[in-house]
Structures are given as structure tokens and as C-alpha cells.
Amino acid sequence: MPARTTHKDASQPVIEFRNVHFSLSGRQLLNDVSLTVAQGETLVLLGRSGAGKTTALKMINRLLAPTQGEVLVEGRATTEWDPIALRRRIGYVIQDVGLFPHYTVAQNIALIPKLEGWPGERVGSRVKEMLETVGLHGGKFEQRYPSQLSGGQRQRVGVARALAADPEILLMDEPFGALDPMTRGEIQNEFKALEGRLKKTVVIVTHDVGEALVLGTRIGLMEAGRIARIYSPHDFVHASDPMAAAYMAQLRVYDEAKREK
Amino acid sequence: MRLRRTRGTGALLCLVALFAGCGEREKGIVVGSKNFSEQALLGEILAQHIEARTHQPVTRRFYLAGSYICQQALLAGRIDTYVEYTGTALTAILHDPIEKESSAVFTRVQSEYKRRFQLEVLPSLGFNNTFAIVIRGEDARRLNLKTISDAAAYTPEWRAGFGYEFMERPDGYPGLANTYGLRFAESPRILDLGLLYRALLEKQVDLVAGNSTDGLISARDLVILQDDKHYFPPYDAVPVIRGETVARHPEVRAAILELGGKISDQEMQKMNYEVDGEHRDATEVAREFLKAKGLD
Amino acid sequence: MSLLEFFQRHQREILQATWEHVWLVGLTMIFAIAIGVPLGILVTRKPWLSKPILGSANVAETIPSLALFGFLLPVPWLGGRADRLAIVALTLYALLPIIRNTSAGIANVDRAVREAARGMGMTDGQILFQVELPLSVPTMLAGIRIATVLTIGIATIAAAVGAGGLGEFIFRGLAMVNDQLILAGAIPAALLALGADFVLGLVQHGLRPVR
């Protein structure tokens with residue numbers, strides 16, 4: 001199987017890594033990473049802790065810059081972009097969410113639109129729209145504070161906030177990792193449906209195989225700062241190479257344990 | 001995190017109100033003084049006379065710890081006036097070298113105070129609180145001694161008693177001995193200031209250096225030898241008053257002017273003795289003085 | 001005369017001295033906050049400055065206040081006016097709690113919040129004013145409260161160098177061996193300190209985070 005599967009859209013990739021290296025304090029965290037992400041794709045970076053997934057993700061919105069090689073977003077090197085302008089075009093969701101505790105849900109979601117100077121009315125209706133989109137119905141969430149929400153609700157608000165300014169690209173770093181399995185499963189499915197509707201370019205970092213299979217249109221397996229291989233979900237499930245197989249084995253063990261109960 | 005705007009700012013406003021509300025109030029005239037009884041007496045005399053003449057209430061802010069503190073209080077407007085000594089003003093406030101001639105010192109202090117600080121220095125109250133060389137009255141009469149030069153002939157037979165500071169200051173004993181060619185039988189005894197006069201009276205010493213307005217001098221049979229060579233700098237007692245106060249209350253200045261030249265060395269000695277020696281109340285002593293002078 | 005009668009008789013002077021004291025402390029706190037908060041922010045932006053800045057403030061704190069007043073006397077512009085001198089010295093004293101609490105308050109902002117803010121494209125200035133400072137308000141206020149009470153106390157010593165205020169009553173009372181004068185300075189000063197602590201406590205309470 002070739003290491004790369006070409007996607008339908010043959011025009012310029014939205015995100016591209018060209019021989020990216022990154023080291024910090026003498027440690028090599030990314031070692032010659034090259035990949036592309038096409039418009040509308042969801043690339044999942046899967047790997048163990050310390051494989052370099054988060055580091056690679058942070059290259060895209062320039063929270064980190066390559067020590068060698070370049071990362072291109074919409075055809076331009078991240079180092080050429082104005083970092084603020086770049087980040088405003090990219091939605092960013094992290095595991096701990098990082099909602100502003102002193103802002104209401106509405107104020108949190110409205111953050112980027114407000115910074116971008118959207119008129120008040122448009123902001124207000126967008127907030128309502130986003131809450132509906134992430135499944136927080138009923139209009140009673142707007143005035144609540146993050147401390148008054150459950151973990152799952154907070155996570156949803158985080159996604160709403162990331163999508164509020166309608167960015168082309170969405171980056172997610174273990175977004176559902178802190179949730180219990182039930183909630184996680186629910187949210188993953190909802191997100192999958194959302195993905196289909198929104199047609200954004202998404203890069204997700206996770207160490208959860210199940211999540212990778214549900215959410216990804218392609219799965220990039222990372223190990224020790226490199227891309228080992230990129231698969232389609234189908235190929236990953238039936239993969240024969242040891243690493244992928246190990247992941248799948250782990251999943252089956254889990255499945256069997258479930259069935260036994 | 002919600003900022004409880006109303007409660008928080010309410011409390012903040014209270015703080016601001018407290019700050020602004022204890023506002024600067026029209027405080028009347030404030031008379032200051034340094035922290036020894038002569039100063040408190042002078043301050044009281046000034047205060048009572050101003051009250052009598054201008055019918056304005058006067059606040060007393062006495063026993064401030066020294067010339068620097070009084071000067072700062074004047075500059076900041078915390079007091080309107082106090083009595084300073086010309087020699088001290090020259091050296092301690094203006095940091096100019098000491099001069100010996102009384103009117104030269106006065107003129108310099110007056111002009112510099114006006115130029116640098118916008119403070120007005122009024123003419124002397126009439127006495128000079130400088131160092132005094134004091135001997136027993138009987139000796140003065142017996143040997144017909146009036147000046148320090150007169151006494152210089154006899155000092156080889158005498159013992160002297162001085163305070164620690166007088167011994168150490170270059171403008172104290174060393175300069176004095178030099179100027180007058182004084183030599184004593186033994187080196188001078190160093191005594192506590194409070195014990196100097198007692199030692200003199202009990203003939204343990206024959207000559208001491210005190211202050212010319214010390215109370216005991218008039219109360220006992222003691223004589224100040226004239227400083228004929230003008231060794232000691234002048235410390236004329238002069239009222240100092242804020243320029244602003246003069247502008248706003250010219251009547252206060254007029255009242256203080258009336259006190260010019262009204263207190264002689266002896267009269268100051270007598271009042272000091274009544275307070276320090278007889279433990280009378282300075283307010284009473286001041287009131288009696290003003291009455292006796294027809295100034296009330 | 002009883003103490004109460006003494007206070008009544010001299011109430012105008014006591015209030016006057018209290019106003020002088022409040023003025024000294026008020027100006028000091030304005031300067032200390034205006035200098036201390038930016039320095040506290042700077043320390044979080046350039047961590048290598050933490051040692052020199054906090055170290056200097058610490059040294060200022062360690063010098064006995066009376067000695068600090070004395071050191072500044074010969075300085076030309078300062079020594080000439082005791083209230084200037086006092087305010088400079090008092091400001092130096094008030095700086096440490098304010099710098100320290102500002103930088104600690106900002107440093108304690110949740111890492112995730114900061115990362116999310118940055119990742120979403122907020123500028124450093126926007127993060128500072130919309131996230132870090134608002135979240136640090138409680139800690140900063142605690143530092144300001146400490147500094148204020150400290151300043152009210154040390155300002156009594158400022159009278160020793162001629163700056164006026166309630167300390168002057170105390171020093172005069174000591175010189176005249178007059179207890180009532182001493183208390184005329186000491187009691188209002190203590191009440192001021194308690195009052196300021198109480199009011200700032202209310203402000204702290206009013207601005208506390210919602211839980």
C-alpha cells in the first residue's frame with residue numbers, strides 16, 4: 001500500500017508539511033515530517049504519548065515554528081503569515097478546553113467574532129446558532145459560566161467557540177480525551193455528523209484508536225517524531241504492519257471484554 | 001468569574017470619599033515650635049499675641065523635633081510661623097558658612113529665605129541665644145571681670161566645665177581657647193548639661209559654657225562674660241513666617257512685628273527659669289509676660 | 001482632662017493630621033500601583049527580570065524604614081521637601097507586595113486558558129487585558145490591601161523627617177512625655193489601618209470570582 005492516498009480534490013492542499021524538523025532543548029521532537037491535508041479532509045494524527053502529534057498540530061497555527069523545513073497553510077509558509085491573522089482563521093480546540101472562567105458561555109463563544117469586529121447583532125445570532133450546532137439547545141446556556149457546566153457541556157462550548165468565526169480549518173488536540181466514555185462516544189458521533197455538514201479541513205490529534213476510526217477520513221500514524229504511515233480507515237483496520245495491527249488488537253481486546261460482560 | 005460590579009465599585013467609592021472627604025479645611029493660623037521649653041514659651045507668646053490682636057483662633061503645633069522638621073512644616077504649610085535662631089538658619093538650613101556679625105547674618109538669612117523659600121524673616125524678638133561663658137557673680141565683682149578677655153588672665157588658676165558637644169565642636173572650646181588664649185589649670189571637666197550650673201555654684205568648677213538664655217543665670221548669682229572678640233556666632237531669635245500667610249493674613253505679620261525687640265536676654269532667662277526651674281505652665285508664663293509688657 | 005475630652009478639644013488638629021496622613025498614603029498607593037502593576041506584568045513577560053526586580057523590591061523592604069528616610073535626606077531634590085521624600089520612600093516600601101502579587105496572579109492563570117487564548121489569535125495585549133489581568137484581580141487586590149495597611153503604619157515614622165501626619169503627634173508626645181498626645185496620633189493611625197483593611201476587604205469581596 002502506498003504511504004499516501006490521494007484525495008479527490010486535486011487543487012492545492014490546505015495544509016502542507018515539507019520536511020519539517022523540530023527540536024527543543026536538544027531533543028528532536030519532529031523528524032522529517034511531510035504530509036498534506038486537502039480541503040474538506042479530516043486528518044487524524046494517531047500515536048502514543050510523546051510521538052510528536054501535538055507538536056505537529058501546533059506547527060499549523062504557528063504556536064510552534066519548524067527548526068527546519070516549512071509548514072504551509074493555504075499555500076503560504078506559516079512563518080510568512082501574520083500569526084494573529086493565521087490563528088484567527090483556524091479554530092483551535094484543546095483537551096482542557098480553556099474556556100475563560102470569567103466570561104459567560106455567550107461571551108466565550110463571541111470572543112473571536114467580537115475581536116474581528118462583527119456587529120453586535122450578528123454576534124448574538126451567531127452565538128445562538130453555534131450553541132444549537134453543538135447540541136446545547138434551549139437558550140439557557142448563554143448566561144451560564146463555565147464553572148456551572150458539566151465536562152461534556154464545556155467541551156461542546158469549546159467547539160462552538162472554535163467554530164464561531166467560521167474558520168476554514170479546525171485543529172483539535174485530544175478534544176474529547178477528558179470525557180467519560182459514554183459522553184465521548186456521543187460527542188464523537190455528533191461531531192462526525194457536524195463534520196459532514198460543515199466541510200471544513202480538520203486535523204485531530206488523539207491516542208484513541210476508536211476515535212480515529214470514527215472521525216478521520218485519513219489516519220496518520222506517528223511514532224518518535226515521524227509519520228510512520230498514512231492510512232484510510234478501511235486500510236488501517238485491515239493493516240498488516242505491526243504498529244497498526246497492535247492498535248487494532250488493542251481495540252479487539254476491548255471489544256471482546258465488552259462482549260464477555 | 002463575575003465581577004460583582006455594583007458591590008465592588010460601591011466599596012471603592014467609599015474609599016475615595018474617605019480620601020477626599022477629610023478635605024483640607026481652613027485651619028486658621030498655626031504656630032510651631034521646636035522641642036525645648038524656650039521654644040514652647042516663644043511659640044506661646046506668638047500664639048497668644050496673634051489671638052489677642054487678630055481675634056483668630058491659633059492652633060499650636062509645638063515640640064517639633066528640630067530645625068529641619070520646622071522648616072519642612074513651614075514649606076508644606078503645616079505651620080505658618082515659628083521662631084528660629086539666625087545662626088542656626090544660616091548653617092543648618094541655608095548651609096552657608098557661619099559669620100560673626102549679627103546684622104550681616106540677619107540680612108543674609110532674610111534675603112536668602114525670601115529668595116529660596118518665599119519665607120519672610122522678621123526682626124529679632126530682642127535676645128540672642130548663643131553660647132555663654134558663665135562665672136560666679138562674686139568672682140566677677142571681686143576681680144572686676146566683664147569680658148572673656150578680662151578673665152583670660154585668671155583662667156590658669158581656674159577649672160572649667162563644659163558639655164560634651166561644646167568640647168567636640170570646632171566652633172566650641174577649641175576655637176574659643178585659641179581666640180582668647182585661654183589656658184586652664186587642668187583640662188576642662190566634661191559634665192552633663194543639666195549639672196553644669198550646679199557644679200559652678202558648688203565651686204567644683206569656676207567657669208562653664210551654657211546658653212545665654214538659660215534660666216538659672218538670672219535666678220542665681222551668675223554672670224555672663226561678654227564675648228568681646230565676637231567669637232560666638234549670633235543666634236538672634238527671629239520669627240519666620242510663610243509668604244503665603246503674610247499675603248493672606250497681613251494682620252498676623254503686623255501682630256508679630258509688635259513683638260520685635262520686646263524680649264531681652266534677661267527676660268528670656270527669667271521665663272525659662274519659671275518653666276524649667278519652678279515648673280510653671282508655659283501658657284501662664286507667656287500670658288504674664290504679655291500682660292506685663294502691655295501687649296495683651 | 002480625660003482622653004476623650006482631649007480628643008474633643010483637639011479634634012481639628014487631629015483631623016488635620018489625619019488628612020495629611022491619608023494624603024501621604026493615598027499618593028503613595030497611586031504611585032506604587034502605577035509602577036508596581038506594570039513591573040509585575042513585565043516580570044511575567046520577561047522571566048529573567050524576575051530576580052532583579054523582585055530582588056530590588058525585597059532589598060527596599062528590608063532596609064529599616066527610618067534608615068531609608070535618613071538615606072534619602074541628602075538627595076538634592078528629595079531632601080528639600082520632606083513630603084516628597086516620604087512619598088518616595090513609602091512607595092519603595094509598597095512596591096514589593098504589589099509587584100509580587102501582580103506577577104503571581106498572572107502566572108497562576110490556568111495554562112489551558114492562556115493556550116486557548118493564544119491559539120485563537122488573541123494578541124499579547126488582548127490576552128493581558130481581557131484574560132490575565134481580570135483573572136488576577138483578586139490576587140492583586142490582596143497585595144494592594146497588604147501594601148496599604150503597611151504604608152499607613154510606616155507613614156507614622158515619616159513624621160520623624162518632617163513629613164507631618166499622625167506620627168507627628170506621637171513624636172511630639174514622646175518629646176513632651178505626654179501620653180495623650182501620643183495616643184492622639186496612635187489611635188487614629190490604628191483606626192485608619194483597620195478602616196482601610198476593612199474597606200479593601202469589602203472591595204475584595206465584591207470583586208471575588210463566582211463559584
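**Cores, sheets and a loop**

Modeller: Happy to. Ile60(A) touches Ile15(A), Val71(A), Val73(A), Ile90(A), Leu171(A) and Val203(A), leaving out residues up to four places away in sequence. Contact here is C-beta atoms, placed from the backbone, within 7 Å. This is a predicted model, where local features need pLDDT of at least 70, side-chain atom pairs count only at pLDDT 80 or more, and totals for chains, interfaces and linings use all residues. Residues are numbered from 1 along each chain as its sequence is written, while chains are lettered from A and ligands numbered from 1 in the order in which they are written.

Biologist: Which residues touch the most other members of the largest nonpolar core?

Modeller: Ile60(A) is one of them, with Leu45(A), Ile109(A), Ala160(A), Leu171(A) and Val203(A); the core has 83 residues. A nonpolar core is a set of buried Ala, Val, Leu, Ile, Met, Phe, Trp, Tyr and Cys residues joined through C-beta atoms within 7 Å. Buried means 20 or more other C-beta atoms within 10 Å of a residue's own, exposed means 12 or fewer, and partly exposed is in between, with C-beta atoms placed from the backbone. A second, separate core of 52 residues includes Leu68(C), Ile87(C), Ile99(C) and Leu166(C).

Biologist: Back to chain A: how many helices and strands does it have?

Modeller: Chain A has 10 helices and 10 strands. They are DSSP runs numbered from the N terminus: helices are H or I with at least four residues, strands E with at least two.

Biologist: And what is the strand order in the open sheet?

Modeller: The order is E6-E7-E8-E3-E9-E10 (chain A), 6 strands with mixed pairing. Strands pair if DSSP finds at least two bridges between them. E6 (90-94) and E10 (226-231) of chain A are the edge strands, each pairing on one side only. From one strand to the next, the twist averages 15 degrees.

Biologist: Which helix packs on that sheet?

Modeller: Helix H1 (residues 53-60) of chain A does, touching E3, E6, E7, E8 and E9 of chain A, and its direction makes about 155 degrees with that of E8(A). Axes are lines fitted to C-alpha atoms, for helices over the stretch in contact, and angles run from 0 to 180 degrees between N-to-C directions.

Biologist: How do E9 and E10(A) run, parallel or antiparallel?

Modeller: Antiparallel, joined by 5 bridges. In E10(A), Ile230(A) is the bridge partner of Gly220(A).

Biologist: New topic. Gly98(A): buried or exposed?

Modeller: Gly98(A) counts as buried because it has 26 C-beta neighbours inside 10 Å. It lies in the loop between E6 and helix H3 (105-109) of chain A.

Biologist: What is Gly98(A) in contact with?

Modeller: Setting aside neighbours within four places in sequence, Gly98(A) is in contact with Asp110(C), Ala112(C), Val113(C), Glu115(C) and Ala116(C).

Biologist: Let's hop to chain B. How many residues of E8(B) are buried?

Modeller: 5 of the 5 residues in strand E8 (207-211) of chain B are buried. Leu207(B), Ala209(B) and Asn211(B) point one way, and Val208(B) and Gly210(B) the other.

Biologist: Which strands does E8(B) pair with?

Modeller: Strand E5 (residues 131-136) of chain B pairs with E8(B) in the antiparallel sense over 5 bridges, with Val134(B) partnering Val208(B). Strand E6 (residues 160-162) of chain B runs parallel to E8(B), joined by 2 bridges, and Ala160(B) stands opposite Leu207(B).

Conventions: Contact = placed C-beta atoms within 7 Å.
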